[in-house]
Amino acid sequence: MDPFRSLLLLSSLFSVAAPHSILQISPGSRRHGDRSAWKGDELYCESWRFSVETNDAGVWKQVPEICVGFVREYMTGERYASDCAMVSNNSMSFAGGVEIAGDGKDAWIFDIDETLLSNLPYYAAHGFGSEVFDENAYNEWANLADAPAIPASLILYNGLKGLGFKLILLTGRTEVQRNATAKNLLLAGYSNWERLILRGIDDVGKPALVYKSHKRAELEGEGYRIHGNSGDQWSDLLGMPVATRSFKLPNPMYYIE
Ligand SMILES: [Mg+2]
């Protein structure tokens with residue numbers, strides 16, 4: 001069937017079925033922020049998670065109290081791992097179609113925390129995002145170099161390496177954390193990165209989006225072609241220059257501008 005006819009058929013199906021069976025929430029019954037319009041907390045929290053992952057929610061500080069249990073279940077159950085695996089697969093399928101020039105300038109950028117390394121042990125001890133982010137407590141934990149790899153990201157990392165990409169790690173961590181960060185990455189199974197870029201003195205205090213896009217511009221200035229960029233925060237991915245493709249990992253626990 002040609003595409004136009006398929007579309008017509010679909011739209012006629014929707015016009016018959018939608019009012020009662022597909023669109024179960026009538027538009028008139030919804031008010032912004034009115035949870036009663038959703039069927040219980042789980043559905044609300046699923047929609048909340050969608051809104052933060054897509055950045056529709058914009059700046060937010062804490063997981064809503066009613067969604068803390070939902071986030072805990074999401075992060076510790078099979079869904080987070082499954083979502084990460086989907087991102088990894090999507091990334092790898094794009095990467096497989098990239099032509100590697102062989103001049104050592106085909107790059108892929110990775111954020112580190114919640115992208116290569118999982119901070120779940122820290123967040124499990126700090127309420128799964130229900131507490132306002134405490135940078136000092138978090139840094140103390142990060143300096144222990146004890147964060148495990150996100151398994152799907154380790155597979156992607158090694159897959160990209162095998163394809164010939166230069167892997168550049170670009171993190172909001174500061175230079176004083178270089179040794180602990182490199183140690184942690186190696187312990188978690190990551191190796192042979194092209195470069196590990198941390199915030200220098202001049203970068204401290206810059207919004208993540210400004211700092212990271214500035215570093216990408218520097219890399220392009222050195223001749224790197226940034227094919228892919230993987231990060232759990234929109235500030236890892238937005239800002240010019242952007243990679244050819246950006247891949248957002250899930251993170252419903254905290255937000256960094
Ligand atoms: Mg991160």
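Helix H4 (residues 78–95) packs against helix H7 (residues 151–163) at an angle of about 10°, and their axes are 9 Å apart. This is a predicted model. Angles under 35 degrees count as roughly parallel. H4 and H7 are therefore roughly parallel to each other. Which residues make the contact? H4 brings Cys 84, Ala 85, Ser 88, Ser 91, Met 92 and Ala 95. H7 brings Ala 152, Ser 153, Ile 155, Leu 156, Gly 159, Leu 160 and Leu 163. By class, nine of the contact residues are nonpolar, four are polar and none is charged.

Now turn to the sheet. Five strands form an open sheet in the order S3-S2-S1-S4-S5, with parallel pairing. Strand S3 (195–199) and strand S5 (245–248) stand at the edges. Each has a single partner strand, so one side of each is left without a neighbour in the sheet. Neighbouring strands are turned by 20° against each other on average, direction ignored. Strands of a sheet pair through backbone hydrogen bonds, either parallel or antiparallel.

Follow the pairing strand by strand. Four bridges join S1 to S2, and the two run parallel. Ala 107 has Lys 166 as its bridge partner in S2. Five bridges join S1 to S4, again in parallel. Here Ile 109 has Asn 229 as its bridge partner in S4. Asn 229 has Ser 246 as its bridge partner in S5.

Is S1 enclosed or open to the outside? Five of its five residues are buried, so S1 is largely enclosed by the rest of the structure. In a regular strand the side chains alternate between the two faces of the sheet. In S1, Asp 106, Trp 108 and Phe 110 point one way, while Ala 107 and Ile 109 point the other way. Helix H9 (residues 208–221) lies across strand S1 (106–110), strand S2 (166–174), S3 and S4. H9 runs at about 150° to S2.

In soluble globular proteins, nonpolar side chains tend to be buried together. The largest nonpolar core of this model has 44 residues. Those with the most contacts inside the core are Val 71, Ala 107, Phe 110, Leu 116, Leu 167 and Ile 168. Which elements give two or more residues to this core? They are helix H2 (40–53), helix H3 (68–76), H4, S1, H7 and S2. Look at Leu 116 in detail. Leaving out residues up to four places away in sequence, Leu 116 touches Phe 110, Ala 149, Ile 150, Ser 153, Tyr 157, Leu 185 and Tyr 190.

Phe 128 lies in the loop between helix H5 (120–124) and helix H6 (135–142). Phe 128 has a positive phi of about 50°, although it is not a glycine. Is Phe 128 buried or exposed? With 23 C-beta neighbours inside 10 Å, Phe 128 counts as buried. Asn 192 sits in the loop between helix H8 (178–188) and S3. Asn 192 is not a glycine either, yet its phi is positive, at about 60°. Asn 192 is exposed, with 9 other C-beta atoms within 10 Å. Pro 241 is found in the loop between helix H10 (234–237) and S5. The peptide bond from Met 240 to Pro 241 is cis, with omega near -5°.

Conventions: Residues numbered from 1 in each chain as written. Predicted model: local features only at pLDDT ≥ 70, side-chain atom pairs only at ≥ 80, totals over all residues. Pairing = 2+ DSSP bridges. Axes fitted to C-alpha atoms, helices over the stretch in contact; angles between N-to-C directions. Contact = placed C-beta atoms within 7 Å. Parallel < 35°, antiparallel > 145°, perpendicular 65-115°, else oblique. Nonpolar A, V, L, I, M, F, W, Y, C, P; charged D, E, K, R; others polar. Buried ≥ 20, exposed ≤ 12 C-beta atoms within 10 Å, placed from the backbone. Core = buried A, V, L, I, M, F, W, Y, C linked by C-beta atoms within 7 Å.
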